[in-house]
Amino acid sequence: MRQTAKSAVKPIISFRNVVKKFSSMVAVDNVSLDIEPGEFFALLGPSGCGKTTLLRMLAGFEVPSEGQILIDGQDMGETSPNRRPVNMVFQSYAVFPHMTVANNVGYGLKIDGLPKAEIEAQVQEALDLVQLGSLAGRMPDQLSGGQRQRVALARALVKKPKVLLLDEPLSALDAKLREAMRFELSQLQQKVGITFIMVTHDQDEALAIASRIAVMHKGGISQLGTPSDLYEFPASRFVADFVG
């Protein structure tokens, strides 16, 4: 297997021998992985390969059966989801239907007790970032699927997390919109400069956006590398078939 050169940069995320069992089923099987600051990293694989479980453990929604997860050098074993320096954008976007765009984006800041003027300034900044600055007063049912996706992104980014987690972020969009949003996500990540970790089963999506990809199969990592590494030097028949 072709190895990529080891970096001297301190990883922002470290999975160390992480195992997750649901009764007798092993969903994640002894995964060790480092993700660097500022990467757009993809966990790619078919349904049931363990990629979403890995992301949920990083967010704190699932607890590892064995192993350690570190964020910025800190062991997250005792840290609840709301105290982790990560934010997650769900597949369904989970936008509140009864709140305006601005109130959706500012919800987390309001819960944190920030002053109203500060919330308004940060919400406007986040909406401008995702090109929705003029739609702050709209309701979610007045938005397209792509716009609702951007509201979810703005809501996650407004809290200024160290890492943004994206669970199949484009799967609910139609093919044409999905293509446009790939480009937008890539641009957005470069603009904000934080680490994005995306779970996807779509190899075109991963190859188009990610700087590095971990191909997962049966709870483990089959290969880790850049898109061109995976495409030109697949480590197994499974990776060759899956990456196409």
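Guide: Buried means under 20% relative accessible area, exposed over 50% and partly exposed in between, using a 1.4 Å probe and protein chains only. This is a predicted model, where local features need pLDDT of at least 70, side-chain atom pairs count only at pLDDT 80 or more, and totals for chains, interfaces and linings use all residues. Residues are numbered from 1 along each chain as its sequence is written, and side-chain values use heavy atoms, leaving out hydrogens and water.

Visitor: So is Q122 buried or exposed?

Guide: Q122 sits in helix 3 (residues 116-129), helices being DSSP runs of H or I, at least four residues, numbered from the N terminus. Its relative accessible area is 18%, and the cut-off is under 20%. So Q122 is buried.

Visitor: Are helix 2 and helix 4 roughly parallel or roughly antiparallel?

Guide: The axes (lines fitted to C-alpha atoms over the stretch in contact, with angles from 0 to 180 degrees between N-to-C directions) of helix 2 (residues 101-111) and helix 4 cross at roughly 30° and come within 7 Å. Under 35 degrees counts as roughly parallel, over 145 as roughly antiparallel, 65 to 115 as roughly perpendicular and the rest as oblique. Helix 2 and helix 4 are therefore roughly parallel.

Terms used:
Helix = DSSP H or I, 4+ residues; strand = E, 2+ residues; numbered from the N terminus.
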